[in-house]
Amino acid sequence: MTVVEREQGTAGRGRAWRHPRSALTAWLSRPLADFHLLLAVFGMLTAIGLIMVLSASAPGEVAAGRAAYSVFRNQLMYVGVGAVLFWITLRLPLRSIRHSSTMAMLVSVVLLGLVLTPLGTNIWGAQSWFRIGSISFQPIEPAKLAMALWGAHVLVTKRALLNQYRHLLVPVVPVALLVFALVMLQPDLGGTITLAVVLLSLLWFVGAPMRVFGAIVAAAVGGAVVLAVGASYRLDRVLAYLDPEEDPLGSGMQSLQAMYALAEGGFFGKGLTNGSAKWRYLPNVHSDFIFAVIGEELGFIGCLLVLGLFALLAVVGLRIAARNTDPWIRMIAGTLTVWLVAQAAINIGYVVRLLPVTGITLPMISSGGTSIVTTMIVFGILASCARHEPEAVAALRKLGPGRVGGFLRLPAPEAYRPPARRKPGRPSTPPRAPGRRAAAAPKVEERRVGGRSAPPSEYRRRESRRATQDRTTRTARATRRTGREGR
């Protein structure tokens with residue numbers, strides 16, 4: 001290497017070091033940047049979830065006399081199923097997913113009704129599960145996804161009429177209220193809250209006026225107060241949120257033990273598998289309160305990593321929504337992103353005592369079969385939305401699927417084609433008043449033109465041209481006659 005080349009290389013590295021923002025901006029402007037970022041977030045959250053479920057569940061299972069890795073094996077099986085469904089969702093055309101949303105919503109409502117019958121199973125005081133052998137299934141999780149897909153489909157289909165309240169609210173809001181009622185009959189307050197987040201996100205991204213949100217929020221606050229007072233265990237949760245030390249061994253135990261675990265973790269944590277909260281000090285530690293184990297074993301750094309991943313998910317998801325041109329993709333990408341990030345914020349909020357305990361899981365990290373499978377399907381839809389950005393579609397169709405797309409055998413995405421504008425139809429004849437004879441239609445006089453019957457307008461045009469030709473012929477004859485007489 002010559003001296004000039006060495007100096008040029010050093011100068012190039014200096015420029016790259018001096019302008020990291022320019023390099024980051026250039027990388028983010030690449031066509032598939034959102035797709036790759038989303039896959040990175042998906043993989044890291046999956047890995048963290050498996051590691052923390054293994055660390056948090058083993059001591060409790062041993063203390064209960066079960067196999068140490070029983071919860072982890074179930075979680076690993078569900079992650080495998082979710083990964084297959086993630087790949088299938090990524091390969092499916094978004095048009096097919098949209099067209100099947102109505103049937104998915106109908107099936108979800110039927111399942112939410114059936115779970116309240118003897119076919120459902122009551123676990124932890126809520127009849128929210130179907131159990132088949134050792135496998136349990138919670139229909140509220142796919143119902144959230146079906147609500148998002150179907151609601152976006154209906155609102156986009158009626159977008160030309162959404163300036164009228166009856167088209168904006170019907171049928172999305174009545175169906176959502178029906179689903180709320182079925183979920184609260186289980187009862188499942190956490191599921192109702194996440195469904196409300198999905199509904200509010202749909203109305204927000206469709207551009208509903210602020211007075212609609214004011215009315216919905218007022219009704220939600222009133223309903224929450226009534227529900228909190230109407231059930232003793234919900235009232236205990238509210239009182240424990242306000243003052244957990246009043247009942248440290250009862251309703252306030254989870255909040256206090258979660259705070260103790262976070263405090264003991266410090267900045268760097270005690271180290272993986274070295275936490276003490278999971279030794280039956282903190283109930284539901286591998287599901288609802290797994291963030292407390294992360295804080296105790298991985299410390300502030302681990303908590304910051306999880307928060308950063310969900311913040312990156314929020315940025316990437318909203319970028320996907322902003323960079324698409326298909327209105328349904330824009331709405332569904334924004335709604336699914338807000339759902340996942342809001343659910344994570346609620347879970348972390350009640351672990352750190354910013355919110356009352358609601359029993360909402362931390363997406364991709366908490367243990368739970370239906371939750372992890374549904375969340376992985378959601379990531380598959382978001383990844384497919386990222387591949388349908390206009391620049392990504394052009395690059396994939398011109399340059400091929402790339403390394404990731406080739407490894408996953410993903411087909412080329414379809415370009416967005418806006419719906420054709422319908423021509424205004426002929427106005428229909430107004431209906432006759434009953435009991436009144438229709439006026440006799442005037443007979444249209446028809447003339448024979450060229451051996452066929454023609455309407456009067458065409459007959460008049462033919463007669464006008466014939467008269468013009470006759471006048472021209474007469475004028476020419478008169479001119480020739482006058483010239484002969486002059487000679």
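Arg95 and Glu414 pair up through their side chains in a salt bridge, 2.4 Å from N to O. Arg95 sits in helix 5 while Glu414 is in the loop between helix 18 (402–408) and strand 4 (447–449), so this pair ties together parts 319 residues apart in sequence. Bear in mind that the model is a predicted one.

Leu92 belongs to the loop between helix 4 (70–91) and helix 5 (94–99). Its C-alpha is 9.1 Å from that of Leu410, a residue 318 places away along the chain. Setting aside neighbours within four places in sequence, Leu92 touches Ile97 and Ser384. With a relative accessibility of 39%, Leu92 is partly exposed.

## The salt-bridge network

The count of salt bridges comes to nine. Asp34, Arg319, Arg323, Glu389 and Glu391 are linked in a network of them. One of the links joins the side chains of Asp34 and Arg319, at 2.8 Å from N to O. Asp34 is in helix 3 (residues 33–63) and Arg319 in helix 14 (residues 290–323), so the pair ties together parts 285 residues apart in sequence. Asp34 is buried, at 0% relative accessible area, whereas Arg319 is partly exposed at 25%.

Glu391 and Arg323 also meet in a salt bridge, with 3.4 Å from N to O. Here Glu391 of helix 17 (residues 390–399) is linked to Arg323 of helix 14, 68 residues apart. Both are partly exposed: Glu391 at 46% relative accessibility and Arg323 at 23%.

## Inside: the core and a buried Asn

The largest nonpolar core has 106 residues, and those with the most contacts inside it are Trp328, Leu336, Ile365 and Phe379. Apart from neighbours within four places in sequence, Ile365 is in contact with Leu45, Ile48, Gly49, Val53, Ile290, Ile294, Val306 and Phe310.

Asn347, in helix 15 (residues 327–351), touches Asp288, Phe291, Ile360, Thr361 and Leu362, not counting residues up to four places away in sequence.

Met103, Leu106, Val107, Val110, Leu114 and Leu119 make a nonpolar surface patch of about 550 Å². Val107, one of its members, lies in helix 6 (residues 101–114) and is partly exposed, with a relative accessible area of 39%.

Note on methods:
Residues numbered from 1 in each chain as written. Predicted model: local features only at pLDDT ≥ 70, side-chain atom pairs only at ≥ 80, totals over all residues. Heavy atoms only, no water. Helix = DSSP H or I, 4+ residues; strand = E, 2+ residues; numbered from the N terminus. Contact = heavy atoms within 4.5 Å. Patch = residues over 30% accessible without salt bridge, like charges linked within 9 Å, V, L, I, M, F, W, Y side chains within 5 Å. Areas by Shrake-Rupley, 256 points an atom, 1.4 Å probe, with all protein chains shown as cover. Salt bridge = Lys/Arg side-chain N within 4 Å of Asp/Glu carboxyl O. Buried < 20%, exposed > 50% of the residue type's maximum accessible area, 1.4 Å probe, protein only. Core = buried A, V, L, I, M, F, W, Y, C linked by side-chain atoms within 4.5 Å.
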